[in-house]
Amino acid sequence: MFRRKKWPGAAAGAALAVLGPLALGACGSSSGSSSTLTIGVITPATTFQAPDMNWGNESLYNQAVYDSLLQTSPTGTIEPHLATAWSYNAAKTVLTLTLRTGVKFTDGTPFNASVAAQNLEAFQKGTSNNAGFLVNLASATAESPTKLVIKLKQPDPAFLTYLGQAAGSQESPKAWTTPTAKTVPVGSGPYLLDTKDTVVGSSYVFTKNPNYWDKPEQHYSRVVMNVYTTATTVLDAIEGAQVNAANTFDDTTINQIQNAGFTVYPLQLNWAGLSLLDRDGRMSGPLGKVQVRQAINMAFDRAALLKDMSDGYGSVTSQVFPTSSPGYDKSLDSYYSFDPAKAKQLLAAAGYPHGFTLDMPSISAAFGAATYALIQAELADIGVKVNYTDYQGSQIFTAILAPKYPATYFTLEEDPVPWQLAQFLLTKDATFNPFHSTNSTVAGYLNAMQTGSSAQAAVAAKALNQYLVQNAWFAPFFRPQSSFVADSHTTVKVQAGNAVPYLWNIEPKKS
Amino acid sequence: MLTFTVRRLLYGALLLFVIVTLAYLLLYAAAGNVGRTILGPDATQATVALKNQQLGLNSPLLTRYFSWLGHALTGNFGNSWFTNQPVTTAISTRLQVTLTLVLGAVIVSAVVSAALGVWAALRGGAVDRTVQVFSVLGFAIPGFIIAVFLVRFFALGTHWFKPTGYVPIATSFAGWIRTVTLPVIALSIGLVAGVAQQVRSSVIDALRQDWVRTLRSRGLSERSVLFKHVLRNAGGPALSVLALSFVGLLGGAVIIEQIFGIPGLGQIAVLATSQGDVPLVMGLVVAIGVIVIVVNLVVDLLQGFLNPKARIS
């Protein structure tokens, strides 16, 4: 019989012991420098070439390394930055900007009006998701090193706002012809990208720019942006105190995040609901009738949908204008109540007593099959039979914008600047107006919003909003809550209309 | 041996060509509107069209494929469409991380499973039954569940380890240990279960052979019989299982890296495939294909070393 029974066991013990000391050695406190800000983000940077940079979730990358011509406050007020003053002509088609002096890019190139003009033209011709914002830019001319004159094809009330976003970001034009143009930024911003410690797509490390001209905006000596691809890893990073602040994928983990000592900074960025796109009934005859569109609005129990689709985080609404917009009207949030009986009456009055069939696209992988089933069930209750065609990925946008469907469910952004929202949803050539719906009433309000004074534009936006709700251009359900969170050492001011706070509004909490 | 090696390498190159061709065609069939995926719903149709044009998506499929192949043969795999990082840089940076996890899991599995398998084979009885029960459990519980458990208890509960992220060993050894230990354990447990069973069976079989009795009768020590003869004889099948598992672990790392937020190949493989990042996915296909072919070749050569009967002239 085999006698040596001890050493195999000892070997197993030794094998396990390999891990033991290492595990013990791993014990220790997790600490980071108080001047390091670690942010959990949910999107990697598509590029660092300023004229092609995306905004929204990617704005933090941009703001770390670039300055923009203007800035916007958390509530959307335009503030000076690289441009210290600005003015329009009477027709609002010529914008003159006075630029700051003494600012240099990290390659030593001085910032001036000529550089600013080149940046604007490059952005207009680039492939940022916001490149369309400069559609009205006719020319940008440097009249002197500190005087930039921008001519617009037509008045654009959102133009100043755009100059505070990616469209106004300034990079040294010399960088655009280098082999590292897309991965190494050459800006004048508060931080420098540390390419050595950065793992592209996973973790971006920035160090303080020692020559930055606006030092009070440099709240930290180091900023790290870690990319998390699932809600669970974000939560793990929060619970493991590996981040000071983070964006979240959804609201399902809010309670756990709060239990970890983090503060939730809520924000409403989007509206969820149906876009009733075919308002002239070209593809779907019934949708051309206002009673039918109103009936669809009355078919939905918005409170129940909010609970089922967004765990109750958010607020019900019937309008597409956000609370931060001058066009917002609180009474329109509850304009349509859940009333299937009245909806049926309206359908009958419109000539569809037995309902009709509505074709819509779906993307179950993004919004979940249950969402579409709920919508289908509520519309079925008033006699509208929904047929879905399910899509994967971006093909659904191609189908919607073709246009291949008279209506669609989607979660769409709601911009605080009325003209920005109009350019996305409402103007004849707006991206999400594929049937180019318009009429004299809508065109009149839009014209007043575009060319009128601020007060006149606000009045027109309110009136347009009321018209859109009454005529049921959309069937919004609710504004879902987006949540940015921060630990007890960090304070945050959320930015109206942006997925994440602006970088300079994330600060160490003052004790 | 040289002829065998050359033949296997040529076969591997042919296999790689077939794999990348199929992968390229499948990716383009599933990619959708890449420009729209990159830019999202806000972008205008004109910007999306410009983006697609810049990516070369307006050319015929075969033109694109042969262009990619031509560049790939010179080592130029292009840039990721979604991060603009050169594909070779993206892969080489992350390959180190994934190989650290996978090799760590293989080494841990080899040591632990050899010890457990031999222990069970020699001791029999309760020890054997216990090892077998744990083997079945190790097989039955998916690695991602073990990973979630490890995060909850050993990272978030005890704070011994980091729940997410990866620290390179050159930056901090302690940090490296705190980030790789749990993923390696999560990857190893299933493999330990399989290999321990294999070692146990092989050792029991070998111990029953006549040549073991002969060796003992010639006065060889039990240690010598076990280490020099029995384990070497029993090591072949275990090595095959480990080698096959190495390839499987690359797949397992995809999930584990997601759970631990580790910047390895698995993490970008998931992201790149779901986004339709063709240059990056193709780079990954080539990298993983080469790894699989090389590992299989090395295993064949090692088998020959361990077992002269398996040597191919």
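In this predicted model, chain B and chain A together bury about 4900 Å², and carbon and sulfur atoms account for 62% of that area. Accessible area lost when parts come together is a figure often used to give the size of an interface. Here the contact draws on 55 residues of chain B and 54 residues of chain A.

Polar and charged groups also have a share in the pairing of the chains. The rule finds two salt bridges across the interface of chain B and chain A. A salt bridge joins the side chains of A:E239 and B:R152, with an N to O distance of 2.9 Å. Eight residue pairs are in polar contact across the interface of chain B and chain A, with both partners at pLDDT 80 or more.

Seen by class, the side of chain B that touches chain A is made up of 27 nonpolar, 17 polar and 11 charged residues. Several helices of chain B each bring at least two residues to this side: α2 (34–39), α3 (45–54), α5 (87–123), α7 (143–157), α8 (173–207), α10 (222–260) and α11 (265–275). Of the elements on the side of chain B that touches chain A, α5(B) gives the most, with nine residues.

Chain B also carries a nonpolar patch on the surface, formed by B:V133, B:F134, B:L137, B:I141, B:F144, B:I145 and B:I255. Together these residues have about 640 Å² of accessible area. Both α6 (125–140) and α7 of chain B supply at least two residues each to the nonpolar patch, and the largest share, three residues, comes from α6(B). One of the patch residues, B:L137, has its place in helix α6 of chain B.

A:A402 and A:P403 are joined by a cis peptide bond, with omega at about -5°. A:P403 sits in the loop between α12 (395–401) and β19 (408–413) of chain A. The other detail concerns A:H436, a residue other than glycine with a positive phi, near 55°. A:H436 is likewise found in a loop, the one between α13 (418–425) and α14 (440–451) of chain A.

Methods
Residues numbered from 1 in each chain as written. Chains lettered and ligands numbered in written order. Predicted model: local features only at pLDDT ≥ 70, side-chain atom pairs only at ≥ 80, totals over all residues. Heavy atoms only, no water. Contact = heavy atoms within 4.5 Å. Buried area = accessible area lost by both parts, 1.4 Å probe. Salt bridge = Lys/Arg side-chain N within 4 Å of Asp/Glu carboxyl O. Polar contact = N/O pair within 3.5 Å; in protein donor to acceptor, adjacent residues only side chain to side chain. Helix = DSSP H or I, 4+ residues; strand = E, 2+ residues; numbered from the N terminus. Nonpolar A, V, L, I, M, F, W, Y, C, P; charged D, E, K, R; others polar. Patch = residues over 30% accessible without salt bridge, like charges linked within 9 Å, V, L, I, M, F, W, Y side chains within 5 Å. Areas by Shrake-Rupley, 256 points an atom, 1.4 Å probe, with all protein chains shown as cover.
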